[in-house]
Amino acid sequence: MAESPTIPAGPRNAADRGGPEVSAPVPVLAGGWTDAGVTDKIAGLILNRGGSWLSGWDRHWRWRSALLVSFSGALILLAASTWLFMRGVGLFGVNIPVAWGFALGNFVWWIGIGHAGTFISAILLLLRQRWRTSINRYAEAMTLFAAGIAGLFPILHLGRPWFAYWLLPYPNRMELWPQWRSPLVWDIFAIATYLLVSLLFWYVGLIPDLASLRDKARRRSRQLLYGLLALGWRGDARHWDRYETAYLLLAGLATPLVVSVHTVVSLDFAIGNTPGYHSTIFPPYFVAGALFSGFAMVVTLAIPIRHYLQLQDFITLRHLDLAACVMLACSLFVAYGYLAEIFTAYYSGDPYEIAMTQDRFTGVYAPVYWAYIGCNVLAPQCLWWRRLRRCVPALLAVSLVINAGMWMERFLIVVQSLHRDFLPSSWDVFVPTLWDWTFLLGSIALFVWLFLMFVRYLPLISMAEMRGLVHETAEEARSGEGKAR
Amino acid sequence: MNSQYGTLGQFATPDALLQAIRQLRRESPAMQLEAYTPYAVEGLSAALGLKRNIVPAATLAGGVLGGLGGFLMQWYAAVVSYPVNIGGRPLNSWPMFIPAAFELAILGAALAAVASMLVANGLPRLYHPIFNAAHFNLATRDQYFLCIRADAAEHSFETISKKLMELGAHTVVEVRE
């Protein structure tokens with residue numbers, strides 16, 4: 001605190017201490033960044049890009065061609081949904097024992113991917129893990145998009161989708177109410193709450209950054225757009241005080257919420273008496289699987305982002321390393337779940353449970369079972385090696401393998417359990433049709449398109465929190481404890 | 001009529017801002033101070049002497065309202081409005097009402113947290129006199145601002161700006177309504 005009130009004021013008064021504060025190199029942030037530097041870098045990703053179709057093509061062909069491909073995919077999904085609503089669910093490969101096909105598997109997979117964002121933003125905030133700072137924003141966006149896509153699938157799969165709103169309690173002339181004892185009704189409350197709270201959390205976090213964009217934008221249209229979205233934020237200390245309180249409380253609320261959502265999703269299955277569904281391990285096992293696939297998706301997105309947008313200083317190898325550690329831990333949890341399922345099946349002595357388990361090992365869907373054991377249990381074990389956790393191509397490969405493995409797990413739980421239930425006379429095999437694959441790939445395209453739009457129009461790293469991190473590291477460097485954490 | 005909103009001093013570092021606030025509050029506690037920072041500076045609330053805000057209480061109220069309301073809705077639907085006799089099982093099967101009530105409690109609390117934060121902050125408010133000040137667009141980038149409100153009639157702009165300069169502000173401007 002070298003300022004003394006008697007020093008004559010001048011434009012470079014800050015130079016008393018050598019100018020504005022500069023971040024010290026820590027594992028989660030490279031050194032040499034200032035408030036202005038991080039703001040300009042992140043805002044520049046939005047404001048300084050663009051250009052006409054022809055002249056901008058050379059610089060932006062990657063983003064634009066990815067946008068074209070993914071948007072075409074999203075349009076295909078839209079067209080396929082229209083056709084589905086016209087023709088009905090007979091387009092899918094579902095039949096009578098297997099009434100829940102790809103649609104429900106996709107639903108569980110997407111909602112699981114949507115869990116890592118809230119986990120990173122909320123739980124890591126409460127635990128004061130500062131590696132969340134540069135990845136929370138895009139992880140929240142990922143959560144929002146994934147949860148939104150997940151919410152589509154149960155509706156797409158309804159026989160009469162135009163009655164989807166019957167799940168909601170509303171005053172109606174039929175004087176009917178939803179069946180509160182059904183997990184499917186709990187599900188709509190869980191998913192809707194999760195979507196709304198994730199949206200609030202994301203938007204509240206964005207407000208100061210939208211104000212930064214408003215103040216930096218030169219074009220009138222952008223000033224207006226970001227200005228309206230920023231709600232007139234001006235960085236008043238009193239506002240910050242309430243803002244921080246509200247943000248922390250949202251984090252505290254999102255923490256039990258994120259655990260409850262996949263628990264309720266797992267109850268959709270566990271409350272049913274089908275062998276393979278009816279299991280008490282399901283809630284924790286589904287939550288662990290959700291984090292597992294969510295972190296895999298975080299890593300899958302982080303690697304291209306940091307590469308193409310040159311964000312290696314903000315999303316460091318340390319971030320990838322820590323995310324890989326979380327994936328490894330989740331992999332062990334999930335492996336425990338697989339073992340517990342097998343053990344309980346045999347220990348129960350229930351012939352249907354035992355037959356179902358043996359069918360997993362050797363039945364029609366056995367290749368899927370062994371493939372996901374390889375993807376979810378064996379492949380992540382290579383993350384025990386620090387060198388591999390810090391090797392970007394290897395990490396990308398592992399994260400893609402886990403994404404695929406988790407999808408296969410969801411598929412197997414949904415389909416294999418149903419295809420052989422109690423009565424052999426009703427057994428049948430589910431074979432996905434071209435439409436099943438169209439909806440799966442179309443939903444991935446929609447997700448990619450939404451994410452590309454987000455990266456282009458909203459700050460993908462929280463500028464306000466990065467400024468805070470710059471000062472925190474600078475202060476630590478001054479007091480000589482910077483290297484400790 | 002006084003059309004002056006206040007006097008705005010611009011500081012380059014959060015520490016300079018904090019020190020200026022502490023000194024001003026020591027010397028003249030009656031002054032109305034407003035600080036504008038690009039991120040939530042630690043210790044700023046304490047330096048300004050802010051009291052506890054309304055957000056936690058509103059959040060609690062929203063959560064209780066959402067949870068109780070959700071539970072009562074289910075109880076009313078299942079017991080009073082639309083009782084269904086399923087093999088003589090109790091109509092008020094409350095454990096089954098917990099999941100939806102829990103989700104609604106979280107939803108009510110989250111909505112209340114955000115709504116109370118925005119209402120108490122007076123947002124959305126797209127126009128504010130402070131936006132008229134020169135360089136104020138840097139308040140969301142890397143500059144720290146301290147505004148002394150013009151209500152204190154005995155201080156002229158000149159004395160206040162001199163004071164702010166002494167406290168380490170590198171630029172001082174007048175903010176007009």
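1. Two residues are in contact if their C-beta atoms, placed from the backbone, lie within 7 Å. B:Leu104 touches A:Phe189, B:Gly66, B:Gly67, B:Gly69 and B:Gly70, leaving out residues up to four places away in sequence. Its place is in helix H4 (residues 98–121) of chain B. Helices (H or I, at least four residues) and strands (E, at least two) are DSSP runs, numbered from the N terminus.

2. A word on the basis of this note. The model is predicted: local features need pLDDT of at least 70, side-chain atom pairs count only at pLDDT 80 or more, and totals for chains, interfaces and linings use all residues. Residues are numbered from 1 along each chain as its sequence is written, while chains are lettered from A and ligands numbered from 1 in the order in which they are written.

3. Next, the interface. In chain A, 60 residues are in contact with 62 residues of chain B. Helix H1 (35–47), helix H6 (183–216), helix H8 (237–270) and helix H16 (463–479) of chain A each supply at least two residues of the side that touches chain B. H8(A) gives the largest share of that side, 16 residues. The residues of this side of chain A divide into 33 nonpolar, 14 polar and 13 charged. Here Ala, Val, Leu, Ile, Met, Phe, Trp, Tyr, Cys and Pro count as nonpolar, Asp, Glu, Lys and Arg as charged, and the others, Gly among them, as polar.

4. Burial needs its cut-offs. A residue is buried if 20 or more other C-beta atoms lie within 10 Å of its own, exposed if 12 or fewer, and partly exposed in between; C-beta atoms are placed from the backbone. B:Leu104 counts as buried because it has 23 C-beta neighbours inside 10 Å. In helix H3 (residues 55–81) of chain B, the buried residues include B:Gly66, B:Gly67 and B:Gly70. The buried residues of H3(B) pack against H8 of chain A together with H4 of chain B.

5. The largest nonpolar core has 185 residues. Such a core is a set of buried Ala, Val, Leu, Ile, Met, Phe, Trp, Tyr and Cys residues joined through C-beta atoms within 7 Å. A:Phe295, A:Val298 and B:Ala113 have the most contacts inside this core. H8(A) supplies its largest share, 17 residues. Domain 1 (4–51 + 131–176) and domain 2 (55–121) of chain B both give residues to the core, so it lies between them. A:Phe295 touches A:Ala116, A:Ala323, A:Val326, A:Met327 and A:Cys330, not counting residues up to four places away in sequence.

6. Domain bounds come from an automatic or database domain assignment. The centres of domain 1 and domain 2 of chain B are 45 Å apart, taken over C-alpha atoms. B:Leu104 and B:His135 are 31 residues apart in sequence and 45 Å apart in space, C-alpha to C-alpha.

7. Chain B also holds an open sheet of 4 strands, in the order E2-E3-E1-E4, with antiparallel pairing. Two strands pair if DSSP finds at least two bridges between them. Strand E2 (33–36) and E4 of chain B are the edge strands, each pairing on one side only. The twist averages 25° from one strand to the next. Axes are lines fitted to C-alpha atoms, for helices over the stretch in contact, and angles run from 0 to 180 degrees between N-to-C directions.

8. Strand E1 (residues 4–11) of chain B is mostly covered, with 7 of its 8 residues buried. E1(B) is joined by 6 bridges to strand E4 (residues 171–176) of chain B, where B:Val173 is the bridge partner of B:Leu8. Another 6 bridges join E1(B) to strand E3 (residues 144–149) of chain B. There, B:Phe11 stands opposite B:Tyr144. E2(B) and E3(B) pair over 4 bridges, with B:Ala35 opposite B:Leu146. Helix H5 (residues 157–166) of chain B lies across E1, E3 and E4, running at about 20° to E1(B).

9. A:Asp187 sits in helix H6 of chain A. This residue is buried, with 22 other C-beta atoms within 10 Å. Leaving aside neighbours within four places in sequence, A:Asp187 is in contact with A:Val264, A:Val265 and A:Asp268.

10. Some backbone points deserve a look. The peptide bond from B:Leu123 to B:Pro124 is cis, with omega near 0°. B:His135 has a positive phi of about 65° although it is not a glycine. B:Pro124 lies in the loop between H4 and E3 of chain B, and B:His135 is found in the loop between H4 and E3 of chain B. A:Gln310 has a positive phi of about 50° and is not a glycine. A:Gln310 is exposed, with 11 other C-beta atoms within 10 Å.
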